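Student: Could you walk me through this one? I would like to go from single residues to the overall arrangement.

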Amino acid sequence: MSLNDNLSNALSNVLMDGKLGRPESTIKPSSKVIRKVLEIMKENGYVGSFEEIKNAKGSVLKLNLLGNINKCGVIKPRYIVKKGQFEKFEERYLLAKDMGILIVSTPAGIITHTEAKKKGIGGKLLAYCY
């Protein structure tokens, strides 16, 4: 497993643990971006609660899985999206209209694509989940 992209490793761990029917997933290393992406997935009902456990080597996230994820992953390269261009990427990464979320890094923080549309701002695509 490559350790170059921590967000990609975290989402692939979550997806594999969900497919294997495990009740929880362990994510290491932890970062602010990973925590924010998981928080957005939690707000949208894809994962349960999570807690951060600090040890001598760093911090580890314990995430409760709900079994609601069909697919999730990072978007590479990190496309820059202007405020009117989200539909093109929705068609590319999500199954159907209003099904799933794109997670976007914007000047207003890391938010979903629907929030970015409402606020009228663009940003860089980070991940998707449905």
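Student: Which residues does methionine 41 touch, not counting residues up to four places away in sequence?

Tutor: Keeping in mind that this is a predicted model, methionine 41 touches Leu11, Tyr46, Val47, Ile69, Ile103 and Cys129, with residues up to four places away in sequence left out of the list.

Student: And what about the largest nonpolar core, how many residues does it have, and which have the most contacts inside it?

Tutor: The largest nonpolar core has 25 residues, and those with the most contacts inside it are Leu11, Ile27, Met41, Ile69 and Ile103. The elements that each give two or more residues to this core are helix 1, helix 2, strand 3, strand 4 (72-74), strand 6 (101-106) and strand 8 (123-129). There is also a second, separate core of 13 residues, which includes Tyr93, Leu94, Leu125 and Tyr130. As general background, nonpolar side chains in soluble globular proteins tend to be buried together.

Student: Switching to the sheet, in what order do the three strands come?

Tutor: The order is 1-3-2, in an open sheet with antiparallel pairing. Strand 1 (24-27) and strand 2 (47-55) are the edge strands, each of them pairing on one side only. On average, and with direction ignored, neighbouring strands of this sheet are turned by 20 degrees against each other.

Student: How many bridges join strand 2 to strand 3?

Tutor: Seven bridges join strand 2 to strand 3 (residues 58-65), and the two run antiparallel. Within that pairing, phenylalanine 50 has leucine 63 in strand 3 as its bridge partner, while asparagine 55 stands opposite glycine 58 in strand 3.

Student: Which strands do the helices touch?

Tutor: Helix 1 (residues 6-19) packs on the sheet and touches strand 1, strand 2 and strand 3, its direction making about 160 degrees with that of strand 1. Helix 2 (residues 32-43) likewise packs on the sheet, touching strand 1, strand 2 and strand 3, and its direction makes about 155 degrees with that of strand 2.

Student: Last one: does aspartate 5 count as buried or exposed, and why?

Tutor: Aspartate 5 counts as buried, because its relative accessibility is 14% and the cut-off for buried is under 20%. Aspartate 5 is found in the segment before helix 1, and aspartate 5 touches Val74, Lys76 and Arg78, again not counting residues up to four places away in sequence.

Conventions: Residues numbered from 1 in each chain as written. Predicted model: local features only at pLDDT ≥ 70, side-chain atom pairs only at ≥ 80, totals over all residues. Heavy atoms only, no water. Pairing = 2+ DSSP bridges. Helix = DSSP H or I, 4+ residues; strand = E, 2+ residues; numbered from the N terminus. Axes fitted to C-alpha atoms, helices over the stretch in contact; angles between N-to-C directions. Contact = heavy atoms within 4.5 Å. Buried < 20%, exposed > 50% of the residue type's maximum accessible area, 1.4 Å probe, protein only. Core = buried A, V, L, I, M, F, W, Y, C linked by side-chain atoms within 4.5 Å.
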